[in-house]
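These are my notebook entries on one protein chain. I record what I looked up, topic by topic.

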Amino acid sequence: MNKRGKFLMGLLGCLWWSNGFAQQSPPRDSTAHSFSLADCINYAYEHQDSVKNAALDVKSAEYKVKETIGIGLPQVNGSAQFQDYFRVPAQVAPGDFFGRPGELVPLRFAVKYSTTLTVQATQLLFDGTFLVGLQSAKVFKELSQKSFTRTKIETNSNVTKAYYQVLVSYEQIKLYDANIKQLKQQLDETTQQNKQGFVEKIDVDRLAVQYNNLVTNRENVEGGIIIYNQMLKFQMGMPVDEQLILTDKLESVNFSDKPEAVTDTAFYRNRIEYSLLETNKKLNEFDMKEKKARFLPSLSAFGNLSTSFYENNFSRLFNNNYPFSFVGLSLNVPIFSGGQRTNQLRQSKINVLKSQNDLHNLKNALMLQANTANITYINGLKSLNNQRSNRELALEVLRVTKIKYQQGVGSSIEVSQAQNELESADNQYIQALYNVLVSKVDLDKAYGRLN
């Protein structure tokens, strides 16, 4: 069992323990929702945390594009500097100029206080790595959008399966109710016959055991519905204390007897997984271009506007200023990096080749998945039809067996066996019904029909 499976099983246990049967009636202050399957999916798109996080990733990618664009815009910075010389630095000159031959005379030209205010601007004129980075940033945004779509598809699949699980459980309750009703009638009749001396007490007891087992099994399924309903709300991102009523019926589910065959060899391009890998390959190609661009020179312009204040008296520091400014160009030419750029480029080329291999492998995997989903769905339909027929046969066997027993040509053991076979047929029918519903979801997912 994978980590997700273990987590879900643990969650089921916690929900069972904390709620039990007391949660069959929702709290009075809970919010009630009557949702179809489509309503549940749309609700999940707005409230499921994984979907909301994927949407935030798209927004973050948009800011990443703007951040990259900002690299090519003018960069302006301001600075201010203040200096207070506790001891003014000195420079020395030969004493011959001052009538002191052979000595060094200290000269102090600096002033005690100085302040400099500067505004500096730079503008990138050409940089190959920036141009490639700008293109790759847009592809990165595309990747986040496709990841968002993949999260929605996974959410759609999880919500649909959880919705079907609840519907199947309600169908199972209907079957139990029908069996309990007819068995209760038979138990009452047998009890009266026992009182009149027509049947033995063991026949009554045998039916009572079967009746009690059916009631217990129905209660277990009823408790399971509570858990499945809360699991559905968990998949939707809905608080589990809110009331959720399902409006869709199993009869509205369309089962195609002839599911689509894998004839379109390009169907895999509809899968978001393939599209994601294609986008990732684009990013690797841009990374390779960026490594190539590192061999090109870069050119930028810069300008500086400053003014300085000097004074030995702090109170007069800003009375006079001495402005200066300049502009210039900066050219950076890569010459030798010890082979670093070359080997980085080679690594990027290898990553591109690996992406191509991954795409080829994923194509085969998606074809295999679609074929498997087709076969599983077809087998599921056959099994469902067989189990439906078996259930009808079990009903007929039970009817005939009861008639024979009432006419005195059959035994109560035969009736009990027929009843057990009917219950077994019901359970197998329910399992087959759920399996075909799940396989239908997997088939739609395999063909990229979920969105």
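**Entry 1: nonpolar cores**

I looked up the largest nonpolar core and found 48 residues, with L232, M236 and L244 having the most contacts inside it. I take a nonpolar core as a set of buried Ala, Val, Leu, Ile, Met, Phe, Trp, Tyr and Cys residues joined through side-chain atoms within 4.5 Å. For burial I use relative accessible area with a 1.4 Å probe and protein chains only: buried is under 20%, exposed is over 50%, and partly exposed lies in between. Two or more residues of this core come from each of α2 (37–47), α4, α5, β6 (243–246), α6, α7 (340–406) and α8. The largest share, 12 residues, is given by α4. I then noted a second, separate core of 11 residues, which includes Y176, L187, Y211 and V221.

The model is predicted: local features need pLDDT of at least 70 and side-chain atom pairs pLDDT 80 or more, whereas totals for chains, interfaces and linings use all residues. Residues are numbered from 1 along each chain as its sequence is written, and side-chain values use heavy atoms, with hydrogens and water left out.

I listed the contacts of M236 (heavy atoms within 4.5 Å). Leaving aside neighbours within four places in sequence, M236 is in contact with F35, C40, Y43, A44, H47, Q48, V159 and L244.

I took helices (H or I, at least four residues) and strands (E, at least two) as DSSP runs, numbered from the N terminus. Helix α4 covers residues 128–195, 68 residues in total, and reaches 100 Å from its first C-alpha to its last. That is close to the 100 Å expected at 1.5 Å a residue, the expected span being 1.5 Å times one less than the number of residues. Just after α4, I noted a positive phi of about 85 degrees at G197.

Helix α3 (residues 49–71) has 23 residues and reaches 33 Å, close to the 33 Å expected. Its buried residues are V51, A54, V58, A61, V65 and T68. They pack against α2 and α4.

**Entry 2: V132**

I placed V132 in helix α4. V132 counts as buried because its relative accessible area is 10%. Not counting residues up to four places away in sequence, V132 touches F286, K289, E290 and A293. I also looked up V132 and I430, which are 298 residues apart along the chain, and found their C-alpha atoms separated by 57 Å.

**Entry 3: cavities**

How many cavities of 30 Å³ or more does the structure hold? I found 3. On a 1 Å grid over the protein atoms alone, a cavity is a set of points where a 1.4 Å probe fits but cannot get out, and lining residues have an atom within 4 Å of a point. Grid points are joined across faces, edges and corners, and a volume is the space filled by probe spheres set on the points.

The largest cavity has a volume of about 50 Å³. I153, N270, R271, I272, E273, D444, K445, G448, R449 and L450 line this largest cavity. At least two lining residues come from each of α6 (272–293) and α8 (412–446). By class, the lining holds 3 nonpolar, 2 polar and 5 charged residues.

The second largest cavity has a volume of about 40 Å³. Its lining consists of Q186, T190, D203, R206, L207, Y405, S412, V415 and S416. Two or more of these are given by each of α4, α5 (201–236) and α8. Here the classes are 3 nonpolar, 4 polar and 2 charged. I counted Ala, Val, Leu, Ile, Met, Phe, Trp, Tyr, Cys and Pro as nonpolar, Asp, Glu, Lys and Arg as charged, and the others, Gly among them, as polar.

I found P239 in the loop between α5 and β6. P239 is partly exposed, since its relative accessible area is 37%. Leaving aside neighbours within four places in sequence, P239 is in contact with Y43 and K233.

Not counting residues up to four places away in sequence, S325 touches N304 and L305.

Notes. On a 1 Å grid over the protein atoms alone, a cavity is a set of points where a 1.4 Å probe fits but cannot get out, and a pocket is an open set with protein on both sides within 12 Å along at least five of seven lines; lining residues have an atom within 4 Å of a point.
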